[in-house]
Amino acid sequence: ALAVLYWFSQIGHLALRANLFPMVGALAFAVMLRASKTNRLSHWALAGVLIGLVLYTYFSARAWIGYAGLMLAWWFFRQPESRRGILMASGIALLLFITLIWYSLTHPFDSGQRISDVAVFTPEGVLDNVQRWALAWLFGTGDGSTNISGAWISMSRRSVLDIPLTLTFLAGLVGLARLPSRIGKMGWVVGLLVLSLAPSVFSVNAPNYTRAI
């Protein structure tokens with residue numbers, strides 16, 4: 001679906017590291033759900049590796065990492081039998097985080113400057129961004145970050161979902177809703193969607209398809 005989605009292909013031509021985020025993030029999310037079901041140590045270990053790699057894709061991944069931590073904490077208390085695997089996944093992820101954690105500690109200005117430059121925390125600004133995102137899905141309000149490259153200008157009136165992907169998106173939701181055993185997983189998916197929008201909702205130039213990639 002992403003291979004034929006206009007804005008994602010456009011971002012791909014710009015060769016940003018953010019292009020790795022959907023692939024690595026989706027794999028990590030899927031493996032985490034799988035590990036919570038099978039409770040196999042190999043699955044938990046792979047989940048830890050993928051969570052650790054997510055942090056190296058884009059600065060917006062920090063929100064995703066927080067969500068992954070919330071999921072692991074929830075399962076830690078709800079599934080006592082999985083605690084060994086959860087601790088393994090957490091430990092592996094933390095080991096992979098060490099390089100960036102060290103850089104953040106030794107370069108506090110560099111690590112926080114970009115976020116502070118684009119952040120929006122006023123209620124009016126956040127509400128305006130939420131409204132922009134509500135329209136962006138189907139009504140072509142487009143990405144507002146035309147200052148990054150001239151190539152982005154052609155995305156200024158593009159919606160997030162085109163017609164084929166809208167049908168695919170709705171079919172996926174219907175498929176989840178029809179299977180009672182997946183209702184819990186659907187809740188995690190919806191939560192991930194909301195959290196993925198947060199880096200753009202709380203920053204300038206919303207809707208920004210890169211920050212919410």
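1. Start with α2 (20–38), where F21, P22, V24, G25, A28, F29, V31, M32, L33, A35 and S36 are buried (under 20% relative accessible area with a 1.4 Å probe and protein chains only; exposed is over 50%, partly exposed in between). Those buried residues pack against α1, α3 (41–54), α4 and α9, with contact meaning heavy atoms within 4.5 Å. Helices here are DSSP runs of H or I, at least four residues, numbered from the N terminus, and strands are E runs of at least two.

2. A note on the source: this is a predicted model, with local features needing pLDDT of at least 70 and side-chain atom pairs counting only at pLDDT 80 or more, while totals for chains, interfaces and linings use all residues. Residues are numbered from 1 along each chain as its sequence is written, and side-chain values use heavy atoms, leaving out hydrogens and water.

3. The length of α2 checks out: at 1.5 Å a residue its 19 residues should span 27 Å, and the end C-alpha atoms are 27 Å apart, which agrees (expected span being 1.5 Å times one less than the number of residues).

4. On the overall fold, the protein has 9 helices and 0 strands. Of its 213 residues, 38% are buried. Take the contacts between residues at least 6 apart in sequence: 67% of them join residues at least 24 apart.

5. The largest nonpolar core has 47 residues, and M32, I51, W64, W75 and W133 have the most contacts inside it (a core being buried Ala, Val, Leu, Ile, Met, Phe, Trp, Tyr and Cys residues joined through side-chain atoms within 4.5 Å). Elements giving two or more residues to this core are α1, α2, α3, α4, α5 (83–106), α7 (123–136) and α9. Leaving aside residues up to four places away in sequence, W75 touches M32, L33, S36, W44, I86 and W188.

6. Then there's the largest pocket, with about 1,200 Å³ of space. Its lining has 38 residues, and F169, V189, L192, L193 and I213 are the closest to its centre. A pocket is an open set of points on a 1 Å grid over the protein atoms alone where a 1.4 Å probe fits, with protein on both sides within 12 Å along at least five of seven lines; lining residues have an atom within 4 Å of a point. Volume is the space filled by probe spheres set on the points, which are joined across faces, edges and corners.

7. Who lines that pocket? At least two residues each come from α1 (6–13), α2, α4 (61–78), α8 (163–177) and α9 (183–201), and α9 gives the largest share, 9 residues.
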